[in-house]
Amino acid sequence: MAQKPRLSFWQIWNMSFGFLGIQFGFALQNANVSRIFETLGADVDQIPILWIAAPLTGLIVQPIIGHMSDRTWGRLGRRRPYFLIGAILASIALLIMPNSPTLWIAAGMLWIMDASINISMEPFRAFVGDNLPDEQRTEGFAMQSFFIGTGAVIASALPWMLTNWFDVSNTASGGGVAPSVKWSFYLGGAVFFVAVLWTVIRSREYSPEEMEAFEEHDAKLRKEEPEAAKDSKRKGDFEVVMKHKPPASTENMPAPSLLQRQGLFWLLGGTVLTLLIYLMELGKQELYIVGFGALIFGVMMLAASRLIASGRIHGGFIEVMSDLMHMPKTMKQLAVVQFFSWFALFSMWIYSTSAVTRHYYDMQGPASIAAELQAFVPALPPEKQAELSASLLEMLNSREALAGEEVYIPVKVSGAFTDGVILSERELVEGYERALASSSPGGSSASDTESSSKKSDLDKAREEVLSLGQAFRAGQSGGSLSPSASSALQEAGVQPVGLDPTKVALLSKLKSVQKEYNNGGDWIGIIFMVYNGVAALVAFLIPMLARVINRRRTHMLCMVIGGVGLASVFIFRQPEMLILSMVLVGVAWASILSMPYAILSGALPLKKMGVYMGIFNFFIVIPQLVAASILGFLVLRFFDNDPIYALLVGGLSMMLAGLLTLRVEDAKDTAPA
């Protein structure tokens with residue numbers, strides 16, 4: 001029998017380094033997928049259901065990978081083969097995702113990309129439990145949080161950095177996915193693979209024989225512990241570790257009658273809920289996900305009941321279902337905390353782009369713009385005409401239009417009508433060429449009182465017009481006058497000669513909306529960088545705070561702070577103020593990534609660390625499924641399709657998660673309960 005050795009700082013560093021790459025993938029996904037969906041034509045209330053692939057993938061993949069990795073041993077070890085396979089697949093998916101030509105292909109690519117990332121990510125949590133003694137696990141999960149934060153800081157800001165530091169455009173011809181977003185995904189794929197490969201090469205794993213010896217050592221220590229010390233502890237994690245045994249016979253399995261009763265309960269509940277949704281004609285198909293989910297779970301429990309009753313107790317399905325029914329008490333309590341935590345995070349990830357661009361950037365225009373655009377619907381491709389007509393009708397019937405205020409112009413509308421529908425790019429460029437040829441070298445408004453920055457913008461616009469004009473005359477196509485050039489020419493008073501000024505103004509406004517949307521999308525990357533950066537720094541402070549006030553209170557405090565930060569997005573009206581909001585969210589994110597796992601890992605048997613970490617992921621996935629099912633309905637029905645209310649709901653959910661943490665039993669509290 002042997003005691004698991006303590007690892008050095010650099011050993012913990014190397015075994016956690018792969019999370020840098022994994023978070024590159026997740027951060028690019030979280031900050032940009034809604035942007036890609038909207039660019040390809042998704043409505044605000046459609047975005048949650050398009051995100052459904054991510055949590056569904058985790059629900060299926062993580063327990064399977066956890067179960068498989070618990071039973072794997074080869075030249076690369078136990079967990080590392082899955083790190084490597086997932087990294088290869090995820091890197092390929094990151095290269096393909098931003099090049100999706102249609103919305104449904106983008107949704108499918110999200111599914112593939114998330115499955116690949118999950119294959120790499122799930123074993124990393126168990127990797128800490130495998131390799132570190134209990135007293136170092138908080139440090140190990142904190143190190144993972146550091147790399148998660150660091151990777152997310154860089155990945156979230158990549159589109160902005162590419163645009164502002166390397167002059168990569170953040171708008172694309174015809175309203176497609178911006179080059180800055182595409183190159184961010186390409187770089188992210190490379191970093192993902194290299195970082196995971198580093199961990200695979202630079203880390204080692206204990207053999208099954210060594211793991212058995214470590215567990216026997218822990219059991220011996222428990223037996224030798226004085227009775228007084230036993231009585232002084234609250235019943236919790238360590239007792240669960242020693243009492244939990246993998247089921248070897250039907251006696252250790254859940255009673256078939258219990259599974260049958262619970263299966264019928266879920267089956268009946270799912271049926272009733274599905275019928276209510278249908279009979280009430282709620283109008284959102286994604287609501288059926290909740291009802292169908294309950295139905296499927298009920299069927300699974302009934303199937304497990306039949307298999308156990310007939311003595312067929314071997315196999316992954318029965319073991320996972322049995323482990324699910326035998327969850328330690330601490331894990332059940334943490335499950336509720338995780339539900340409200342991840343419901344809040346999912347609302348932030350899927351709605352931040354829509355909420356911030358709508359409320360903090362100039363995406364508005366006169367209500368008359370919808371009527372003006374209706375005249376150009378027949379010029380659209382036939383497959384887009386019905387969809388865009390419906391969007392224009394929504395604009396005309398919106399709360400703002402009925403109140404005589406400016407209306408929100410969705411990016412799908414601006415993108416559809418700027419692609420040569422109102423005016424061809426060649427007509428526009430030639431009109432500006434004629435105007436610039438007849439004006440002074442500095443432009444028609446290049447007076448002595450004009451600022452040097454405006455002159456510089458006008459000069460750049462002039463060069464762009466001349467360059468595009470030469471390209472069109474050379475027979476080249478596909479060029480488009482950038483929104484920034486259009487704005488500079490309009491602000492300078494340069495009007496294209498020979499064109500209808502009304503059409504020019506309309507097209508200029510739509511291009512301006514596109515530019516504002518992409519600027520807002522870039523800013524989302526920056527503020528997401530902030531919360532991840534704060535998390536990376538706070539990750540090392542959380543263990544110190546936990547030693548003073550205990551782990552439960554630490555998590556509660558962090559979650560309440562984060563909830564206040566997320567809810568504050570509803571109050572602020574300047575984009576710069578969102579930095580403060582995300583600083584507070586970053587505190588919660590650091591704790592979410594480490595504290596629940598540090599509390600949980602002590603409650604799990606080493607032999608089942610992988611499968612239980614996979615099951616624990618259910619309580620990350622289920623709230624995301626619920627959010628994807630109901631948030632679109634809530635925003636559309638109760639909040640006039642205004643996505644900022646989803647962030648307010650998310651903030652309240654995060655605060656509730658913090659308060660529920662006080663119910664969790666943690667036998668390793670370093671301060672009295």
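**Figure 1. Accessible surface and overall make-up of the chain.** The chain exposes about 27300 Å², of which carbon and sulfur atoms supply 63%; accessible areas come from the Shrake-Rupley method with a 1.4 Å probe, and for residues only the protein chains shown count as cover. This is a predicted model, in which local features need pLDDT of at least 70 and side-chain atom pairs count only at pLDDT 80 or more, while totals for chains, interfaces and linings use all residues. Residues are numbered from 1 along each chain as its sequence is written, and side-chain values use heavy atoms, with hydrogens and water left out. Of the 673 residues of the chain, 58% count as buried, a term that means under 20% relative accessible area (1.4 Å probe, protein chains only). The secondary structure comes to 30 helices and two strands, which are DSSP runs numbered from the N terminus (helices H or I, at least four residues; strands E, at least two). Among contacts (heavy atoms within 4.5 Å) between residues at least 6 apart in sequence, 83% join residues at least 24 apart.

**Figure 2. Close-up of helices H2 and H23.** Helix H2 (residues 18–39) packs with helix H23 (residues 501–538) at an angle of about 155°, their axes lying 11 Å apart; axes are lines fitted to C-alpha atoms, for helices over the stretch in contact, and angles run from 0 to 180 degrees between N-to-C directions. That angle makes H2 roughly antiparallel to H23, the word being used for angles over 145 degrees. On the H2 side the contact includes Gln23, Asn30 and Arg35, and on the H23 side it includes Tyr517, Asp522 and Phe528. The residues of this contact divide into four nonpolar, seven polar and three charged, where Ala, Val, Leu, Ile, Met, Phe, Trp, Tyr, Cys and Pro count as nonpolar, Asp, Glu, Lys and Arg as charged, and the others, Gly among them, as polar.

**Figure 3. Close-up of helices H1 and H8.** Helix H1 (residues 9–16) and helix H8 (residues 179–202) pack at an angle of about 130°, with their axes 7 Å apart. Asn14, Met15 and Ser16 in H1 meet Trp198, Thr199 and Arg202 in H8, and the residues of this contact comprise two nonpolar, three polar and one charged.

**Figure 4. Close-up of helices H6 and H7.** The axes of helix H6 (residues 103–131) and helix H7 (residues 134–166) come within 9 Å and cross at roughly 150°. Phe124, Arg125, Val128 and Gly129 of H6 make the contact with Arg137, Gly140, Phe141, Gln144 and Ile148 of H7. By class, this contact has four nonpolar, three polar and two charged residues.

Definitions and conventions
Buried < 20%, exposed > 50% of the residue type's maximum accessible area, 1.4 Å probe, protein only. Parallel < 35°, antiparallel > 145°, perpendicular 65-115°, else oblique.
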